[in-house]
Amino acid sequence: MARSSGAADIVVAVRRFVDDEVRPAASALEHADAYPHTLVARMRALGLFGALVPVEYGGLGLDVTTYARAIEEICRGWMSLAGVLNSHTMAALIILKSGTDEQRRRLLPRLAAGEARGGLCLTEPHAGSDVQAIRTVARRAGDDYVITGTKMFVTNGREGNTFALLALTDAAARPPHRGMSCFIVEKGHPALKVVKSIGKLGYKGVDTAEILFDDFPCPAGNLVGGVEGRGFAHVMGGLETGRINIAARAVGVAQAAYDDSVARVRASGARAPARVADMAMRLRAARLLTYWAAGMKDRNERCDVEAGMAKLLASETAQQLAVDAMRIHGEAGTLASLPVERYYRDTPLMIIGEGTNEIQRTIIARGLVDRYGERPGALISREGEPADRRQMVLAVRQFTDKTLAPAVADLEPGGGYPTGLMTQVADLGLLGALAPARDGGLALDLLTYAMIVEELARGWTSVAAIVAAHAAAADTIGRGAPMALRDAVLSRMTRGEIMGAVACGGVIDARRDGDGWRLHGAAPLVDLAATAGVYVLDARTNDGRVRPFAVERATPGVAVTAAGATIGVRGVAAGSLALDGACAVALGEDGGRLHTVADLGAAASAVGLAQAAFEAALRYSQQRTTFGKPICQHQAVQLKLADMATSITAARLLTYAAADAGDDVSAGLARRYAAEAASQATLESMRIHGGYGYTNEFPIERYYRDAARLLIQPDTTATRLAAQLVAAAGARS
C-alpha cells in the first residue's frame, strides 16, 4: 500500500484483508498455535508495522484513532494478530517520543518496514503490574551497559529481534523509578536467551516468551534518550497508546461475538432475544469510549485516566459479549469448530494485559481525585463546541446549582408537583426547548437538549423528567400536528400554560372514524398525566402500524386516574390514562421521532442522576477518614469510584452519540445503558457513604429511589430494539 493512502483507505484495506485472508485462516492457525507468518507478512506489506511512525521515517503516519480502527478490524478476525503489532508499535513509539535524533534515524525506518520486529521487556517473574518492583540491572562498562535479569510475557519474544527493555541503572534511587532507564536491545549475542515459550489459554499463534539476559552487552548508544533515570517515564508514556490498543482489540473481539450472535439468530429464524439489544448497547459504549480516548491522544491531551477507562470498559465488555455469544449459540458455542469458544478464551487477556483492570481502577480513581476533583455535569469542552450551546448549558447548570438543588429537600418528601420551580423553568424557556421558534420555542438541536436535561437531573430527577416528557410532546406536535391543533396548543406549551405528557408503553388501538380517529385502551403510570392538557400517545392502527396521536385532556372518553405514591421521581403528577373512543389527531406516519426524543430525555436524566451520585460519593470519600486516611485512598473505595466514573462517561457518550444520530435505536440503547449506569452509581454511592447514605439527611437515598423509576422500561422495548438490530444486520448482509 502506498504510504500516502488516506486513513479511510487504510481501514478499508485492513477490513478486506481480515475478511478475505484472516477469518478463513484463523481457526486452523489458532488451534495449531502456529505463528501466522503469511498473515504477518501481509500486515507488513500493508505498512501496519509503521502505522504510527511518521512518514519521514518510512511509516504510515496514522493518528491514534485510525490506528485503533485498524486494530479493531484485525481483532474482528483474530485477536492474536494485533499482539504482533501492539508490542512492536509501543517499542517504536518509545523511540519516536523519547529517543535521540540518531536513534530515530537508525531504528525507526527498520521498525516501520518490519525488518526490525519490536517487543517490550517490562514484566518480571516477581513484578507484574508494579513496574517499579523490577530487578533487572544495567551496569555501565565502557561503551556498553551490561544487562542482567529475566523478563516474562514478552510478546514477539521468539520472532521479534528489537526490544524496549526497562532496567535499573541506579538501584539505590528513591523512589525506585528515578533509577530506571530504558534500552533498545537487539538479538544477536548469546547472552540474550529465549528460555521458553509460554503456553496460554488463548492468544495463541503469537509467541509469548521468557527471556534471560545473562551479562548481555548493550551499546550505550541504545540508552533511550541518552540520559539515565528517565526510562520509567518513557515506558509509561507509551502505555496510554498501549491501553487504547487493548481497548480497540477488545472492541474488535466484541464486534465479532456480536456479529456471530446476530447471524445465529437470523439463521435460526427465532425471535431476537432481548440479549441482542444489551450486547449492542455495551458494544457501542465500549467503541465510543475507546475512540474518545484515542481522540484525546491525537490532540495531545493528557489521557491516562481516559485510556484507562477505555481499556477497563472495553475489556470487560468483550468478556461479557463472549459469554453472551456462547449463551446464544448454546451447546454449539463450546465447539472448537466455531470461533465463539475462541472469543471466550481470548477475552481474559484484555482484562489482564497492559495492567490488570484492578490496577486500572486504582489509576482512574487517583486521577479523578488528583486531576478533576468533582467534574460536574455535561461535557461542554468538546473540540469545536458552539459558543451558544456552552452558554445555554452553563446557564442551566447555574440554575441547577443555585435554585433547583437547594429546593429538593423541602419539596421532594411531600411528592407534590413543583409548581414554583416549573414556573422558573418556563421563564428560562426550557419548556420550549425543542419547539419551533415561530411558536415561541428555542428550537434546540437534540444534543444541546440532552445536555440541558442532564444538568437538570443533576439537581432533581423529577424536574428533568417533567421537562423531558413535555419536550417530547411539544416536539411531536410541532412536527406532525395539523395547523389547527398546533396553533391551539403549541405556543401555550412553550410558555408552560399547557403541559404535555407522553405515553409510549400502553396498549392503545386507533380506529378510523370518518376523517378522524378514535382511541381505545389504557396507558399506565404516565408522567404528567394528572396535570397535562394534551397527551401524545403511541397507538396501533388496523394495518398493524404504530403511529403517534394527540388527545386533548378535555376530550370526551379520556379518563385520568392519579397514581399513588411511587418509590422515586416524585412530584411528576403521574397517573394512568384510560381511553374509551376518545377523538384523536394523527401526528404523522412514523412514531420513531417520538421514541427518539422520549428515550433521549430518559437517558440524559439517568446520566445526570448518576453524575450527582458520583459527585456526592467523591466528595464524601475525600472528606471522610477511616484508619487515619481519607477513604478515597482505600483501594476498595477507589475501585468503586473508577467503575462509577467509567460507566457514567460511557453512558454520557452513548447519549450524546444518540442525540447526534437522531434515530430511535441509538436513543433506546442509550436509555437502557444510562439507566443501568444510574442504578449502579446510586447503589455504589450509598455503599461509600455507609450508614449516612441510608438516611434522609443525605440525598443518596433519594438518588437510589429515583434510579428505580428510571430502570423501568417495557420489556417490549428491548425486544423491539433487538428485532430492529437483527433486521438491520440482515439488510447490510
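User: How do you know which hand the crossing of H12 and H14 has, left-handed or right-handed?

Analyst: It is right-handed. The test looks at the near helix: turned anticlockwise from the far one by less than a right angle, the crossing is left-handed, and if clockwise, right-handed. The model is predicted: local features need pLDDT of at least 70, side-chain atom pairs need 80 or more, and totals for chains, interfaces and linings use all residues. Numbering starts from 1 along each chain as its sequence is written, and side-chain values use heavy atoms, without hydrogens or water.

User: Why are H12 and H14 called oblique to each other?

Analyst: Their axes cross at roughly 50° and come within 11 Å. Axes are lines fitted to C-alpha atoms, for helices over the stretch in contact, with angles from 0 to 180 degrees between N-to-C directions. Under 35 degrees is roughly parallel, over 145 roughly antiparallel, 65 to 115 roughly perpendicular, and the rest oblique. H12 and H14 are therefore oblique. H12 spans residues 419-427 and H14 residues 461-480; such helices (H or I, at least four residues) and strands (E, at least two) are DSSP runs, numbered from the N terminus.

User: What makes the contact of H12 with H14, and how do its residues divide?

Analyst: H12 gives Leu421, Met422 and Val425, and H14 gives Val463, Ile466 and Val467. Contact means heavy atoms within 4.5 Å. Ala, Val, Leu, Ile, Met, Phe, Trp, Tyr, Cys and Pro count as nonpolar, Asp, Glu, Lys and Arg as charged, and the others, Gly among them, as polar.

User: What makes H8 roughly antiparallel to H9?

Analyst: The axes of H8 (residues 304-329) and H9 (residues 340-352) cross at roughly 160° and come within 9 Å. That angle makes the two helices roughly antiparallel. Their crossing is left-handed. The contact has 11 nonpolar, 4 polar and 3 charged residues.

User: Why is H1 called roughly antiparallel to H2?

Analyst: H1 (residues 7-32) and H2 (residues 37-45) have axes that cross at roughly 155° and come within 10 Å. Hence the label roughly antiparallel. The crossing is left-handed. Phe17, Glu21, Val22 and Leu29 of H1 meet Leu39, Arg42 and Met43 of H2. Those residues divide into 5 nonpolar, no polar and 2 charged.

User: How many cavities of 30 Å³ or more does a search of the whole structure find?

Analyst: There are 2. A cavity is a set of points on a 1 Å grid over the protein atoms alone where a 1.4 Å probe fits but cannot get out, and lining residues have an atom within 4 Å of a point. Grid points join across faces, edges and corners, and volume is the space filled by probe spheres set on the points. The second largest cavity holds about 40 Å³.

User: What lines the second largest cavity?

Analyst: Cys75, Arg76, Gly77, Trp78, Met79, Val253, Arg342, Tyr343 and Asp346 do. H3 (64-77) and H9 are the elements that give two or more residues. By class, the lining has 5 nonpolar, 1 polar and 3 charged.

User: What kind of peptide bond joins arginine 174 and proline 175?

Analyst: A cis one, with omega about -5°. Proline 175 sits in the loop between S4 (162-168) and S5 (180-186). Most peptide bonds are trans, and most residues other than glycine have a negative phi.

Methods. 1 Å grid on protein atoms, 1.4 Å probe; cavity = no way out; pocket = protein on both sides within 12 Å on 5 of 7 lines; lining within 4 Å.
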